[in-house]
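I opened the model to look up a helix pair, a chain contact and a single side chain. My entries follow.

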Amino acid sequence: MDDILRIENVSFRYDDEDVLQHIDFRIPRGAFVGLVGPNGSGKSTLLKCILRLLKPQTGRIFLFDTPIEQFKDWHKIGFVSQKANSFNTGFPATVYEVVASGLTGKLGLFRRLKKSDEKAVYEAIDAVGMSPFVHRNIGELSGGQQQRVFIARAIVSKPEFLILDEPTVGVDVHHVQSFYDMLEQLNKHHHMTLLLVTHDIGTITEKVTHVACLNKHLHFHGSVQQFAQLKTEDVASFYGHHLHLLAHDHV
Amino acid sequence: MLEALFQYEFLRNAFIVGIFIGFIAPLLGVFVVVRRLSLIADALSHVTLAGIAASLLLQKKWLTTATLNPIYIGMAFSVAGSLFIEKLRTVYKHYQELAIPIILSGGIGLSVIFISLADGFNTDLFSYLFGSVSAVSRVDVWTIGIIFFIVLTIILLFYKEWFILSFDEEYAQASGVKVKTLHFVFIVLVALVIAASMRIVGILLVSSLMTLPVAASIRIAKGFKQALCFSVLFGEMAVIFGLIVSYHLNLAPGGTIVLLAVFILIGAIMWKKWKRG
């Protein structure tokens with residue numbers, strides 16, 4: 001089996017509230033998975049479990065076919081949080097410094113950046129189109145530009161698996177499309193496996209290869225073609241309200 | 001001045017210690033400020049005061065401890081205080097800043113009791129409160145020198161981990177950085193630096209040496225490394241000129257240093273405004 005991620009019967013509860021119930025889920029290598037669900041559906045909790053920031057009460061999680069408790073190669077995983085607009089914008093750090101910090105896990109303790117690492121930093125910044133801003137302070141950039149920097153930080157260690165948690169929150173509409181194009185590029189040309197968490201169910205169906213719908217339970221998990229055949233009512237029933245998602249399929 | 005520096009050992013000691021703390025206090029202060037922990041320095045300095053008061057009381061009541069330098073007991077209190085703050089921050093997860101006033105008032109309470117038991121203020125205590133040039137002994141120079149090297153070494157070793165921890169704690173955790181251990185080391189270092197700095201600038205003014213040069217530097221710095229360099233530069237400027245001015249004009253060194261740091265801060269703010277046009 002060549003699964004990047006395998007989740008078996010995972011349940012998670014905060015105090016007395018069930019957040020995730022019996023989740024079974026797998027991501028094959030090379031996939032671009034869109035994980036969608038309404039607010040409060042447990043998307044972020046599931047991500048935190050995958051990143052070992054939270055420990056589920058039951059079930060098992062495998063990363064690269066290794067049980068998560070024994071998993072050591074965290075540099076194979078890149079992570080972009082939705083934090084772009086909530087981080088300390090007064091923080092005195094340049095784009096270069098922020099992106100270079102993405103190598104921390106890969107380098108390990110007491111190691112400093114080598115020439116090849118510095119090259120990788122410039123390449124990552126170039127890949128997200130932020131080269132003109134290398135030595136600017138991160139706080140001086142727009143929300144969309146900051147998010148690109150965070151993508152660069154996530155890909156600088158050349159991860160095989162990139163996880164993005166609502167990356168387009170706070171990014172203005174004009175830049176969302178080019179942002180998704182960039183993700184498609186990473187998936188197709190750099191062979192990165194992507195897991196994109198979003199509540200924006202419409203736009204992503206053009207880009208992803210697989211869709212998973214989460215609302216405490218996993219309601220649907222399959223290829224984007226299968227997803228397109230779902231009836232609007234089915235999706236709306238799990239989402240809890242009506243959606244205009246199919247409109248995007250005709251674009 | 002230079003002549004006096006060669007002539008009097010106490011003045012030499014004060015300058016050496018001043019240069020040490022003028023370096024490490026703002027350097028560590030950058031991490032303190034960007035993590036929005038500025039007030040921790042204040043809380044810990046008041047706990048340090050309790051330690052100093054305790055050792056002065058011991059000296060007065062039991063002469064055998066007279067050889068024990070108050071700075072050691074001050075340090076022990078400061079480090080213990082830092083551990084309490086960490087504990088309280090986990091107890092009050094949603095009110096993390098609450099740990100600071102708790103420790104601060106606890107520290108003052110203890111100090112006042114120790115001071116009253118020792119029958120009130122004496123000149124020694126006064127010099128710890130407001131800093132003093134003449135009080136710096138050779139033992140202090142050695143102790144503070146060792147702290148200087150410890151702090152510098154640890155910052156160099158863990159630079160990239162502390163950077164990522166300060167910038168984005170969740171991301172640091174997700175990339176496998178040992179967040180808890182690093183934070184623990186960090187807070188203990190802050191406690192040590194505060195205890196070390198109080199000799200010159202005094203307990204009541206210690207926190208300013210960790211925050212004022214940093215406040216000035218983040219106004220004008222491009223990037224984190226530059227912020228570190230400017231902070232150290234401003235810190236050293238304030239300490240060295242502060243000591244010279246206070247010597248010539250016979251002023252309290254702590255106050256002079258802090259006022260110079262305030263002037264530098266105002267200068268940095270105005271420079272930034274002027275540059276923006």
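I took axes as lines fitted to C-alpha atoms, for helices over the stretch in contact, with angles running from 0 to 180 degrees between N-to-C directions. Helices are DSSP runs (H or I, at least four residues), numbered from the N terminus. This is a predicted model, in which local features need pLDDT of at least 70 and side-chain atom pairs count only at pLDDT 80 or more, while totals for chains, interfaces and linings use all residues. Residues are numbered from 1 along each chain as its sequence is written, and chains are lettered from A in the order in which they are written.

Entry on the helix pair. I found α3 (residues 38–61) and α4 (residues 70–91) of chain B packed at about 140°, their axes 7 Å apart.

Entry on the chain contact. I counted residues as in contact if their C-beta atoms, placed from the backbone, lie within 7 Å. Chain A gives 21 residues and chain B gives 21 residues. On the side of chain A that touches chain B, the elements giving two or more residues are α2 (95–100) and α3 (104–107) of chain A.

Entry on B:Leu165. I located B:Leu165 in helix α8 (residues 159–167) of chain B. B:Leu165 is buried, because 23 other C-beta atoms lie within 10 Å (the cut-offs are 20 or more for buried, 12 or fewer for exposed, and partly exposed in between). Leaving out residues up to four places away in sequence, B:Leu165 touches B:Ala172, B:Val177, B:Val179, B:Leu182 and B:His183.

Technical notes. Two residues are in contact if their C-beta atoms, placed from the backbone, lie within 7 Å.
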